[in-house]
Amino acid sequence: MKVPFLDLKTQYDSIREEIHAALNEVLESTAFAGGPFVARFEKEFADFCGCHHAIGVGSGTDALWLALLALGVGRGDEVITVPNTFIATAEAISFCGAKPVFVDIEEETYNMNPALLEAAISPRTKAIIPVHLFGQMADMDPIMEIARRHGLHVIEDACQAHGAEYKGKKAGSIGDVGCFSFYPGKNLGAYGEAGAVLTNRDDLAEKIKMLRDHGQPKKYYHDLIGWNGRMDGIQGAMLSVKLKHLLEWNEARRKNAQLYTDFLADVEGVAVPREADYGKHVYHIYAVRVHERDSLIRKLAEKDIHCGIHYPVPLHMQKAYKFLELERGSFPIAEKCAGELLSLPMFPDLTSDQIQRAATEIERLLST
Ligand SMILES: Cc1ncc(COP(=O)(O)O)c(C=O)c1O
């Protein structure tokens, strides 16, 4: 029995008719760039997240970049984030002309450690980007408190956390803005590239809407220098269909995570993920920590059990960020986790037999 890391086809088969009807509607109306299907999804997603505005954009990377631009982050500024994230978080900072400044993570949640945040603030700091890694939110209360005290903006990178909660509030609804990716493999994934920015602030929503559409409040009248960061009509329509299933899919992920944990919690050499008391984890990724990770992933692949690594090299040790001159050892927890985290197969349609097979094989390989 094969255990793929991700299976988008089974999910597509389960919603095929709804998807084809929605696709047909877009094709018949020819509303391909922005337009009514995007506007409808924006309203639905804002309501789902309990936020006033959602602005559909081309990707999660666009969402982060446009949010930073709208907040006025630019050359000479510093933005604090974590080193164990997908590079897009830092790229967005760099593409505003600002400098990413990293703080280490908590070993329990793999998210920003609020106790280390204040020491990273300098007179140049403009914003903080906590990343809700793997589908679990960062500890937002202390982060927001420190940000408010220092007059800093908070941008939630919620690209892996659709529907995750912190003390009853949805990911993306707590900071000044929340940024989402709808890359196909996400908990809420488009059938192509797409993203969104959430905000409760009317001024920011207006500015982001303009920035994603060449700075124009009205066609061919450009008040700002903007960009083409619009969402496609087809993606808006696909996402409206899929949003209706998100709660049920997240629950399936949580059930799958619990099954893995039941099988693996007592296996020697495996540290299972922990759900923080403050929130609801939506398990975009179910990552365990193991020693000898690289040989284990190879042996599992030989058995047709396919795992991933998120992420093998922390950002401060990537060639692209060499110029920051941050040595190995600068962020010891993130570095240690980068060497040990192993992402197990995880998607809503994963069967209990597949989970049991993956877990049993891990136990067997670790004991031999
Ligand atoms: C934490 C994080 N931030 C940003 C992004 C960028 O999103 P996109 O690939 O849609 O540009 C991703 C996507 O994988 C992500 O996981």
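Q: Is Tyr220 buried or exposed?
A: In this predicted model, Tyr220 is exposed, with a relative accessible area of 63%.

Q: Where does Tyr220 lie, and what about its phi?
A: Tyr220 lies in the loop between H7 and H8, and although Tyr220 is not a glycine, its phi is positive, at about 70°.

Q: What is the phi of His214, and where is its place?
A: His214 is likewise not a glycine and has a positive phi, of about 55°; the place of His214 is in the loop between helix H7, which covers 202–211, and H8.

Q: And how accessible is His214?
A: The relative accessible area of His214 is 34%, so His214 counts as partly exposed, a class that lies between the cut-offs of 20% and 50%.

Q: Switching to H8 itself, at what angle do H2 and H8 cross?
A: Helix H2, residues 16–29, and helix H8, residues 233–243, cross at roughly 150°, and their axes come within 9 Å. That angle makes H2 roughly antiparallel to H8, because angles over 145 degrees are counted that way.

Q: Which hand does the crossing of H2 and H8 have, and which residues make the contact?
A: The crossing of H2 and H8 is right-handed. On the H2 side the contact is made by Glu18, Ile19, Ala22, Leu23 and Val26, and on the H8 side by Gly233, Ile234, Ala237, Met238, Val241 and Lys242.

Q: How do those residues divide into nonpolar, polar and charged?
A: In the contact of H2 with H8 there are eight nonpolar residues, one polar residue and two charged residues.

Q: What about H10 and H12, at what angle do they pack?
A: Helix H10, residues 293–302, packs with helix H12, residues 352–367, at an angle of about 125°, and their axes are 11 Å apart. This angle makes H10 oblique to H12.

Q: Which hand is that crossing, and which residues make the contact?
A: The crossing of H10 and H12 is right-handed, and the contact is made by Leu296, Lys299 and Leu300 from H10 together with Glu361, Ile362, Leu365 and Leu366 from H12. By class, the contact of H10 with H12 has five nonpolar residues, two charged residues and no polar ones.

Q: Which strands does H10 lie across?
A: H10 lies across S12 and S13, and its direction runs at about 20° to S13.

Q: What is the order of strands in the sheet with S12 and S13?
A: The order is S10-S12-S13, in an open sheet of three strands with antiparallel pairing. Its edge strands are strand S10, at 270–271, and S13, each of which pairs on one side only.

Q: What does H11 touch there?
A: Helix H11, residues 332–340, packs on the sheet and touches S12 and S13, and the direction of H11 makes about 95° with that of S12.

Q: Which way do the residues of S13 point?
A: In strand S13, residues 341–344, Leu341 and Ser343 point one way, while Leu342 and Leu344 point the other way, and all of them are buried.

Q: Which way do the residues of S2 point?
A: In strand S2, residues 78–81, Glu78 and Ile80 point one way and Val79 and Thr81 the other, and all are buried. S2 runs parallel to strand S3, residues 99–102, and four bridges join the two; Glu78 stands opposite Lys99 in S3.

Q: One more, where is Ala196, and is it buried or exposed?
A: Ala196 has its place in strand S9, residues 195–199, and Ala196 is buried, with a relative accessible area of 1%.

Q: What is Ala196 in contact with?
A: Leaving aside neighbours within four places in sequence, Ala196 is in contact with Ile55, Gly56, Val57, Ala63, Gly178, Cys179, Phe180 and Phe182. Although Ala196 and Ala63 are 133 residues apart along the chain, their C-alpha atoms are separated by 5.7 Å.

Definitions and conventions. Residues numbered from 1 in each chain as written. Predicted model: local features only at pLDDT ≥ 70, side-chain atom pairs only at ≥ 80, totals over all residues. Heavy atoms only, no water. Buried < 20%, exposed > 50% of the residue type's maximum accessible area, 1.4 Å probe, protein only. Axes fitted to C-alpha atoms, helices over the stretch in contact; angles between N-to-C directions. Parallel < 35°, antiparallel > 145°, perpendicular 65-115°, else oblique. Left-handed = near helix turned anticlockwise from the far one by under 90°. Contact = heavy atoms within 4.5 Å. Nonpolar A, V, L, I, M, F, W, Y, C, P; charged D, E, K, R; others polar. Pairing = 2+ DSSP bridges.
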